[in-house]
Amino acid sequence: MQAANSVSNSGVSMDVDTPRCSPLEDDIQAWNFISKSVLAHEMDLFGKKWFDYRQLTPMQATRVYIDQYGEIYRRHFAANYDRERAAYVKPITVDGIMAGLKQNSKKARRAFVGCWRGRQIADFLCMPYEIYIDLAFKARLDYWQQGHLPLPVHLYGQMVVEKIVDRWQELQASRLFTSDNPAYLVHNYAGIGHQDDYHEWLFSQAAMRSNPPATIARFVNDNQLPFDKVAARFDEDTLERVTRHLH
């Protein structure tokens with residue numbers, strides 16, 4: 001990997017200071033730059049994306065993705081190029097991209113479409129964006145020969161995604177991935193589909209542990225999993241093992 005030529009070569013100029021658009025204006029503008037074939041996947045992705053994002057519109061979710069990309073870009077710049085200069089790096093931002101789109105900037109459009117499509121892959125894999133982007137950077141940098149870090153359009157190729165999928169499975173087996181969104185606390189449960197999906201996610205996370213009953217009890221203790229669902233799912237022996245760990 002070559003040395004970086006510049007700390008501001010992430011592909012879109014971020015020097016424009018522009019007010020953030022309203023969500024409606026964002027959505028209208030977004031629809032002007034994303035192809036219908038790409039947009040066609042969005043309805044299916046609403047039920048697959050990571051749980052913190054399931055109440056977000058595609059544009060709102062893409063905003064989160066862009067913000068995460070900027071943070072992780074700096075982190076990898078520090079690790080791979082220059083730690084001291086990393087603080088001065090100017091990666092892409094939402095406001096910068098939106099301003100560039102209004103000016104018909106090809107770089108802004110390329111960055112926007114790249115973030116949109118990368119976000120869709122992360123949604124399909126039910127991954128938090130910061131995890132997806134970090135793994136994508138690592139996978140791409142394994143065979144990267146440019147004088148700058150990978151841009152958004154470089155983070156969703158087939159080879160990259162295959163490596164991400166393998167690593168994501170390994171990460172799930174080694175640590176718990178849960179949501180901090182209050183919507184998934186038991187006292188906020190309203191029988192909504194994405195809340196039920198989250199409970200199934202917790203059950204699957206517990207199944208990967210060496211002591212599933214203890215992990216399920218932890219979820220109950222943390223007010224993330226309703227005990228009645230646990231009681232309805234398991235036999236008496238397993239349920240007794242769960243209750244040993246309840247507070």
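Predicted model: local features only at pLDDT ≥ 70, side-chain atom pairs only at ≥ 80, totals over all residues.
1. The largest pocket holds about 230 Å³ of space. Its lining is made up of S37, V38, H41, D44, L45, R117, Q120, I121, F124, L125, Y156 and V161. Two or more lining residues come from each of helix 2 (36-39), helix 3 (42-45) and helix 6 (106-124).

2. Helix 6 gives the largest share of that lining, with four residues. Sorted by class, the residues lining the largest pocket are seven nonpolar, three polar and two charged.

3. Helix 5 covers residues 94-102, and seven of its nine residues are buried, so this helix is largely enclosed by the rest of the structure. The buried residues in helix 5 are V94, G96, I97, M98, A99, G100 and L101.

4. The backbone just after helix 5 deserves a look. There, N104 has a positive phi of about 60°.

5. F219 is part of helix 10, which spans residues 212-221. F219 counts as buried because its relative accessibility is 2%, and the cut-off for buried is under 20%.

6. The contacts of F219 can be listed with neighbours within four places in sequence left aside. On that basis, F219 touches L176, T178, L202, Q205, A206, Q224 and L225. One of these, T178, is 41 residues away from F219 along the chain, and the C-alpha atoms of the two are 9.4 Å apart.

How values were computed
Residues numbered from 1 in each chain as written. Heavy atoms only, no water. 1 Å grid on protein atoms, 1.4 Å probe; cavity = no way out; pocket = protein on both sides within 12 Å on 5 of 7 lines; lining within 4 Å. Points joined across faces, edges and corners; volume = space filled by probe spheres on them. Nonpolar A, V, L, I, M, F, W, Y, C, P; charged D, E, K, R; others polar. Buried < 20%, exposed > 50% of the residue type's maximum accessible area, 1.4 Å probe, protein only. Contact = heavy atoms within 4.5 Å.
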